[in-house]
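Subject: Structure handover and findings

Hello,

My notes on it follow, grouped by topic.

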Amino acid sequence: MQDSLLAVDFGNIFGNLYESMGFVQGNWQNYVMLLISFVLIYLAVVKKFEPMLLLPIAFGMFLINIPGAEKVLWGEYLPDTAHKYEDVNPDTRGLLWYLYFGVEHVIYPPLIFLGIGAMTDFGPLIANPKSMLIGAGAQLGIFVAFILASVLGFSAAAAASIAIIGGADGPTAIMVTSKLSSDLIPAIAIAAYSYMALIPIIQKPLMRLLTTKKERQIRMKPLRQVSKLEKILFPIIVTLVVGIILPDSITLLGMLMLGNLFKESGVVDRLSTQAQNGLMNTITIFLGIAVGCKAKGELFLSPSTLAIIVIGLFAFILGTIGGLLVAKIMCHVTKGKINPLIGSAGVSAVPMAARISEDVGREYDPQNHLLMHAMGPNVAGVIGSAIAAGVLLACFG
């Protein structure tokens, strides 16, 4: 017993223990990202900025940047192909590797669209088809950002992937990037979902800047009642027309419309309920953690990633501006019948952007309810971003 105890190399044991400790393996980028994750968690928990989206992203970012945790949560990288998804040693693959599978292979985005379709009432768009113009105007950021990214030296495929951030649609951004420039998925996914979660901070100042107090107080007439037949035919017709013209957009758009058909048909309540609740919530958790877990300090704090985030922010701002300007033009043409605040809802973040239109409108008139009017452009933005994605995939895929 005593001899075996003496044979133990305590120096080597304690040396291995010391080398495995996180503070030995960490670097300054890890600690910067930890601070950023704390800020995002604060915004989600205290400020309640879309916590269902921001909290899992922030916590995934927090987990992966704890020094030494990457090997446990993700797995060992092959030495010559660091940070590539497929090359993680199969014997060491951790939880986050499997969660990220759904991002890398574009499983989560269509399922998210299925849930969005089941949760969304397309009635406001059907009742006011002119809302499509606002949704189209909000795609301005995508195409301007594409030009900017190209000028800055990104390839056409990479520029298209970066530009889609302007649609404020995380699933669409992931799908386009996976097909055009998969190495950019981490940066683009984080940028897209972060800006979606931070919509209140980004959009409200722009809305106040580009509209007058008088315009913000405009009350819109109630929308007409949409029949059940119209609501059932709408997803079928849109899928058929857009699918024939742009087959590349059918994966996302088809799932969006299928979810909506579940809801409006009234004959598959169990499927509709599952898509809206259990499935949607589960995929949101997996997607949020998977996106956050790719925000590793060394990768995220690189010049190219920071450039992508800046261009993405610029695209999102321009998308909001584009929707507001189209709504202002429509307000002028209709002689004050349309409140320009609904223009900011032209981006694809459903129903977050529509709720911001409602919130800002009620700041200036507590009895002014814009939510249902804003849902028209908001739904149009979802369809518009899917169509824009189809255009980019057709041109550069």
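A salt bridge here is a side-chain nitrogen of Lys or Arg within 4 Å of a carboxyl oxygen of Asp or Glu. The side chains of K263 and E264 meet in one, with 3.1 Å from N to O. E264 counts as buried because its relative accessibility is 10%, under the 20% limit. K263, with a relative accessible area of 29%, is partly exposed. Please keep in mind that this is a predicted model.

Confidence

The mean pLDDT of the protein chain is 87, and 91% of its residues reach 70 or more. Confidence is highest in α17, at 96, and lowest in helix α1 (residues 2-7), where the mean is 51. Over residues 78-82 the pLDDT stays under 50, and for this stretch the model has three contacts beyond four places in sequence.

Other salt bridges

How many salt bridges does the structure hold? The count is nine. Side chains of opposite charge can pair when their charged atoms come close.

K231 is buried, at 17% relative accessibility. D121, at 25%, counts as partly exposed.

A further salt bridge is formed by E363 and R208, whose closest N and O atoms are 3.0 Å apart. E363 belongs to helix α22 (residues 352-364) and R208 to helix α15, and the pair links distant parts of the chain, 155 residues apart. Both ends are partly exposed: E363 has a relative accessibility of 41%, and R208 has a relative accessible area of 33%.

There is also a network of salt bridges, which links E70, K296 and E298.

The largest pocket

The volume of the largest pocket is about 570 Å³. Its lining is made up of 28 residues, and those that lie nearest its centre are M119, M280, V350, P351 and M352. Two or more lining residues come from each of α5 (51-64), α8 (108-119), α13 (170-180), α14, α19 (269-292) and α23 (371-396). Which element gives the most to the lining of the largest pocket? That is α19, with six residues. By residue class, the lining of the largest pocket divides into 19 nonpolar, seven polar and two charged residues.

L198 lies in the loop between α14 (185-197) and α15 (199-210). Is L198 buried or exposed? L198 counts as buried because its relative accessibility is 16%, and buried means under 20%. Leaving out residues up to four places away in sequence, L198 touches L43, F49 and L54. Between L198 and M352 there are 9.9 Å in space, C-alpha to C-alpha, while the two are 154 residues apart in sequence. M352 is one of the residues that lie nearest the centre of the largest pocket.

A159 is placed in helix α12 (residues 156-163). A159 is buried, with a relative accessible area of 0%. Not counting residues up to four places away in sequence, A159 touches F146, A149, S150 and F154. A159 and L240 are 81 residues apart in sequence, and their C-alpha atoms are 29 Å apart in space.

T320 is found in helix α21 (residues 303-333). T320 counts as buried, at 0% relative accessibility. Which residues is T320 in contact with, leaving aside its neighbours within four places in sequence? They are Q203, L206, G343, S344 and V347.

The stretch to treat apart is residues 78-82, where pLDDT stays under 50.

Regards

Definitions and conventions. Residues are numbered from 1 along each chain as its sequence is written. This is a predicted model: local features need pLDDT of at least 70, side-chain atom pairs count only at pLDDT 80 or more; totals for chains, interfaces and linings use all residues. Side-chain values use heavy atoms; hydrogens and water are left out. Helices (H or I, at least four residues) and strands (E, at least two) are DSSP runs, numbered from the N terminus. Buried means under 20% relative accessible area, exposed over 50%, partly exposed in between (1.4 Å probe, protein chains only). Contact means heavy atoms within 4.5 Å. On a 1 Å grid over the protein atoms alone, a cavity is a set of points where a 1.4 Å probe fits but cannot get out, and a pocket is an open set with protein on both sides within 12 Å along at least five of seven lines; lining residues have an atom within 4 Å of a point. Grid points are joined across faces, edges and corners, and a volume is the space filled by probe spheres set on the points. Ala, Val, Leu, Ile, Met, Phe, Trp, Tyr, Cys and Pro count as nonpolar, Asp, Glu, Lys and Arg as charged, and the others, Gly among them, as polar. pLDDT is the predictor's confidence in each residue, from 0 to 100.
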